[in-house]
Amino acid sequence: MKEFKILAVVVILSLITYWGVEPFAHSQMHKHVEGHNFVYDGKADITDAAKEKVAVKKAFWGEVNQIAKLPGNVAAGEASFAVCMGCHNGSGVNMGGVVPPSLDHAGSLYDKTYLIALIKDPAIASNVDHKYAVTMMHPMGAVQTMVTTPQQIADIVAFIKAKKVGNIEPKQAFLEACGRCHANRYGGLTQIGETPKFKTEKEELAYKVKVLDEQDLVKAYMGKLPPDLSIMSRARSEQYMETFVENPQSQLPGTSMPRVGLTKESFEKVKAYLDETGDPSKAARNAIGPWVILFFVIFTVLAYLWKKHQWKDLH
Amino acid sequence: MAHFDEKAKPFSHKWLNERMAVDTVKKVLSSEYWIPKDINFLWAMGMILAATFGLLIVSGIFLLMYYQPNVNLAFDSVNHTIMGEVGFGWLWRHIHGVAASVVFLIIYIHMFTGIYYGSYKRGREMIWLSGMLLFVLFSAEAFSGYMLPWGQMSYWAGMVITNLFEGFSPTIAGGALNFPGFVEWLRGDYVPGQAYLTRFFMLHVFLLPLVIIGVIVLHFATLRLPHVNNQKGKEIDFDEAAKLYKNGKKKESKVIPFSPVFLSKDVFVMGVYFILFFYLVFFHFEFAMDPVNFDPADGLKTPTHIYPEWYFLWSYEILRPFPKDPGLIAFAFAQVAFFLLPFLDKSPVVAPANNRGLFKVWFWVMLVDMIVLTIMGKLPPEGMWTIVGRVAALIFIALFIALPIITKKEKKA
């Protein structure tokens, strides 16, 4: 039938245009970064490293992978962990630009190999060594003088993986992994945590000053204030978020954002929280959508019958 | 003075008829507004546009209740208040955003239907011209609306487009075509800021919709006397055909009344369209809401890629692949070229393009060229894409120059 032929032409031309301006154009605009499924073995770091750093990184990740094979002793690790408590004590005090993260759920949030690398040399592990002439200058750099042997590192990580675990909610995962640098204003979060309710304006202003002070410190450390992540899940594709979190340098070369070392499961939690604040209508859309479409299907069937009736004597 | 029946009951049919000629109005606008029978679903695009415009107005009214035209609040009023806090706010925004994009798809289908069937000439010039005026107004409406969420793309698209108004380089024509200060006057500031946002807000929610409604009425009016075209471009004696229809010879008559016969088909096509439309609203809206615009406007951070919405890409690509001054000339040409169509087509033949010799080639090359320009307009201007874009832009210009020559030949044949 002629009308179907015309419809086919219209549909095909529209789809070609759509393909060209959406999937195809976006594939050309954004470079493709291969994800590595939240395995932290330093391969990408070595490939992307500046020439003079290749040897250092190769040696570093080689040692890390060796340590990962050592059996760790949880009890010995607990003893050594006291060293960590000096900074990771939950006091919320900024140290060298950033509040040391709470390690209460570190065993669940972070990857084992990554934790080993981080204790060995925080700057190289988080792939921000380009910021420092000497990696000791990293706010956590001093750990290199406190935890010195491979066995000690293996023990501490074994302890963290065994005892610092728990099932945490998406919001908590965001707070522990991202929240010390990134605010989420739609979720009511700033760099110093969840914003409480205030009784007086004075209280509110005093709190605001505290937030601004913390932001200034983070800004001085990072070079700029890291972006608010309220609606980031709409601004970046899922693939971008995943590869960015695995290795920020892969998407933004030179960025001062450190690799966080999330496991796949904990990334899913962080993502769930970002979807919750960035795209809160998803559930409602899925619930109502089919009914609205069904309504118009019925509408169209009825309209077709009416048209048939109106046109029956015409030809 | 006319005679009024004193005994007629207020608001009765007779009473209204004496005062407002409701019977005549109904005849003229619907029951005896004759439409050719030989049409296809493309003839329903006008009605679909009217319906989509209605959706835009209604959803726009709801958005207007919560939107804040303030550079510090605009982004969050859209993305947090409307999308997260207001009941069904997301639904209105999705309808508004998707409709704003889809309305242009339908406009282009409507336009190319007109070009294909030659519905812009032999008495139908004013339909075409008022339609093109609507296209320009819808473009301005879309652009001004795009500023309002105050995201990165709002800000930078606004920057790029208003920059065009500085005119040609000062070295051209002794600077007579360079307008120093004009861009700042348009923006109300050196860069897009509060004054800029507020004036585009005014344009988007008041002045432009008002003018659009007026021109839609004009567009309908231009249609009434020449009547709509038909699939073969045949000239129809509407009086005679109407007589046949009214005498019950519906099979022999070439026409049908607008209401209810033509309308029943319109409503059916509209139903099909709404199924697609609401599928997009609920499940596939990303194409109408660019990810870059979910980053708040930042005058200190230029996005890697700046591009307009898809419906402006073809004319953007006629500007972009050339150096500044020739680019501006080409761009200006692209804006007026379609207006001139009825006067550049020198052939008196009203028929489908496929039956018009060389014009058939002209039509399909133009259509493909527009699609190529659209796609190239979004791709980064690098390497091969720039060359393809430049060639497509030159073909566009050449097609309009060739049109009078092609169609003049058609006359002799």
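Among contacts in chain B between residues at least 6 apart in sequence, what percentage join residues at least 24 apart? The share is 75%, where two residues count as in contact if their C-beta atoms, placed from the backbone, lie within 7 Å. This is a predicted model, in which local features need pLDDT of at least 70 and side-chain atom pairs count only at pLDDT 80 or more, while totals for chains, interfaces and linings use all residues. Residues are numbered from 1 along each chain as its sequence is written, and chains are lettered from A and ligands numbered from 1 in the order in which they are written.

**Chain B overall**

- Chain B holds 16 helices and two strands, these being DSSP runs numbered from the N terminus (helices are H or I with at least four residues, strands E with at least two).
- The C-alpha trace of chain B spans about 70 × 60 × 45 Å along its principal axes.
- Of the 413 residues in chain B, 37% are buried, a term for residues with 20 or more other C-beta atoms within 10 Å of their own, the C-beta atoms being placed from the backbone.

**Contact between the chains**

- Chain B gives 41 residues to the contact and chain A gives 40 residues.
- On the side of chain B that touches chain A, the elements giving two or more residues are helices H4 (74-85), H5 (89-116), H11 (258-283) and H15 (358-378) of chain B, and H11(B) provides the largest share, 14 residues.
- That side of chain B comprises 27 nonpolar, eight polar and six charged residues, with Ala, Val, Leu, Ile, Met, Phe, Trp, Tyr, Cys and Pro taken as nonpolar, Asp, Glu, Lys and Arg as charged, and the others, Gly among them, as polar.

**Domains of chain B**

- Chain B is divided into domain 1 (36-306) and domain 2 (310-413), with bounds that come from an automatic or database domain assignment.
- The C-alpha centres of the two domains of chain B lie 21 Å apart, and their contact takes 20 residues from domain 1 and 18 residues from domain 2.
- H5 and helix H6 (125-147) of chain B each supply at least two residues of the side of domain 1 that touches domain 2.

**Packing of H6(B) and H9(B)**

- H6(B) packs against helix H9 (residues 194-224) of chain B at an angle of about 160 degrees, with their axes 9 Å apart, where axes are lines fitted to C-alpha atoms over the stretch in contact and angles run from 0 to 180 degrees between N-to-C directions.
- H6(B) is therefore roughly antiparallel to H9(B), the class for angles over 145 degrees.
- The contact of H6(B) with H9(B) has 19 nonpolar, seven polar and one charged residues.

Terms used: Angles under 35 degrees count as roughly parallel, over 145 as roughly antiparallel, 65 to 115 as roughly perpendicular and the rest as oblique. A residue is buried if 20 or more other C-beta atoms lie within 10 Å of its own, exposed if 12 or fewer, and partly exposed in between; C-beta atoms are placed from the backbone.
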